[in-house]
Structure formats: C-alpha cells, structure tokens
Amino acid sequence: MSGVMKRMGMIFRAKANKALDRAEDPRETLDYSYQKQLELLQKVRRGVADVATSRKRLELQLNQLQSQSSKLEDQGRKALALGREDLAREALSRRAALQQQVTDLETQHTTLQGEEEKLTLAAQRLQAKVDAFRTKKETIKATYTAAQAQTRIGEAFSGISEEMGDVGLAIQRAEDKTQQLQARAGAIDELLASGALDDPTGMAKDDIQAELERLSGGTDVELELQRMKAELAGGSSSQQAIEGGKDQSQSQSNSSAQPQDTPRFDKQ
C-alpha cells in the first residue's frame, strides 16, 4: 500500500510540475525576482537610515552630557574658590558619573557608526547587483520574446502551430464536404439520366431524348448551310464552270504525262 501511495504521489508531483512549467512565463518570473530584490534593497536602506538615526541621537546625548560635565566642572571650581570644598567634591562626583555615561555612549556611537558603514557598503553592493540583474533581466526578456516570435512564425509557416492546425483542419473539412456534395450531385445526375430516378419537374432528359434533340439540331444546321450554298450558286455559276474546265484540262495533262508502270518480274 505504501508503494502505491508513493507512486501516486510521484505521478501527482510530476503532473503538477509539468502543469507549472507550462504555465510559467520566464519574463514574469524575472520581473517577480527583480521586485523582490528591490524590496530587499529598500529594507537595507531603511536599516541604514535607522542606524544613522540612532547614531545621531547618541551624538545629541553625548553633546548634552559633555555640556553638563563642563558645567559641573565650572561649578566645582567656583565652589572650591569660595571655600566650599564639600560642594566642589559633590560637583566633581556628579561629573565623574556623567563622564562614565559619556564613555558608554561613545562606545555605542562607535559601534553604531561601524554598523552604519557596513550597511551602507552592503546597500551599495546590493544596488549594483540589482542594477546588473535589471539589465540582464531586460536582455533575457527581449531574447525570450524574439525567440518566441520566431518560433510562432516558424510554426505558422510549417503549419504545426495550434492556430494554423485548426485552419488546416477547417480547410480539409470544407474540401471533403465539397467533394462529397460534388459526388452526390454527379450521382443524382446519372440516376436521373438513366431513368432510375423520376424528375417531378419534367426537366430531366434520358439518353434517347438527348440524341434526338442533337440530331434535330444538326439537321437544322445542314438545311441552313444548303440554303446559303444555293444563294451563292446563282452568282458564281460561270466562274465555277471556268474553274471546272481548267481543273479538267490540268488533270488530263497530268494523266498523259505520267509514264505507265511496266510490270517487273523478279528473277528466280
């Protein structure tokens, strides 16, 4: 049972992979990848901005603490000048505490500054990669579009494309139906001519009727030809007689001029 389930799972994954491969458009995939890279670049830039903001805030705090430290130092000097050593000691103690905070903030400032430099460099490198990917993406998309167009043109010329295949099938069906109708019409004409089918309109003619009409038409033509000859005979009878005499004399001279063949006997 487990073997059957594994086989069904493999078949399902194979068919799903084939369907996804057929539905996938490389240009859309490239655009999606480019969009994701832009989002990542935007996150890196936002991180750089956040680190820079934190660094700037630390710098403001350092300036305030250093200002307070300087003020406490001046107050301690004044108190010591007035003979108030206790106030001077208190002022110096507070200044020491502030100085410790300044040291800690300077350490944090240095760390943030280093992180900011790293993120800035990473953002620059990522920007260069995104720009290079965009150029390559457009090149691949243009190449893919050109190859797709060439493939479609080639399939159209060769007749193996789906659209042209449908057109070819439609033409073939039309030719088959036309031949079928022509064959049916010819068969009906033959059956009507032979008398196997009756023509309710009375327009059909059998072979005998067609032959009679042909002979009748030929007789009318012969009669018309004889009439025209008779009309021409009255005006050209003398010329025909002269030409007839000439022809007769020429035939006699030709017959007298020809030598008579003597019989030849082959020697045995």
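**A close look at the salt bridges**

Modeller: Happy to! Let's start with Arg134, which counts as partly exposed because its relative accessibility is 38%. Keep in mind that this is a predicted model. The partner of Arg134 is Asp131, and the closest N and O atoms of this salt bridge are 3.7 Å apart. That falls inside the cut-off, since a salt bridge needs a side-chain nitrogen of Lys or Arg within 4 Å of a carboxyl oxygen of Asp or Glu. Asp131 is partly exposed too, with 28% relative accessibility. Where do Asp131 and Arg134 lie? Both are in helix α3, three residues apart, which is about one turn of the helix.

Why would such side chains pair at all? Side chains of opposite charge can pair when their charged atoms come close.

Arg89 is partly exposed at 49% relative accessibility, and Glu85 is partly exposed at 45%.

Next comes helix α2, residues 26-81, where Glu59 and Arg55 sit four residues apart and so are separated by about one helical turn. Their side chains form a salt bridge of 2.8 Å, N to O. Is Arg55 buried or exposed? Arg55 counts as buried because its relative accessibility is 19%, and the limit for buried is under 20%.

Salt bridges can also join up into a group. Asp31, Lys137, Glu138 and Lys141 are linked in a network of them. In total, the structure holds 16 salt bridges.

To place these pairs in the whole chain, picture six helices and zero strands. Of the 268 residues, 11% count as buried. The accessible surface comes to about 22100 Å², and 56% of it belongs to carbon and sulfur atoms. Among contacts between residues at least 6 apart in sequence, 75% join residues at least 24 apart.

For a contrast with the charged pairs, look at Val4, Met5 and Met8, which form a nonpolar patch on the surface. Together they have about 300 Å² of accessible area. Met8 has its place in helix α1, residues 2-23.

Notes: Residues numbered from 1 in each chain as written. Predicted model: local features only at pLDDT ≥ 70, side-chain atom pairs only at ≥ 80, totals over all residues. Heavy atoms only, no water. Helix = DSSP H or I, 4+ residues; strand = E, 2+ residues; numbered from the N terminus. Buried < 20%, exposed > 50% of the residue type's maximum accessible area, 1.4 Å probe, protein only. Contact = heavy atoms within 4.5 Å. Areas by Shrake-Rupley, 256 points an atom, 1.4 Å probe, with all protein chains shown as cover. Patch = residues over 30% accessible without salt bridge, like charges linked within 9 Å, V, L, I, M, F, W, Y side chains within 5 Å.
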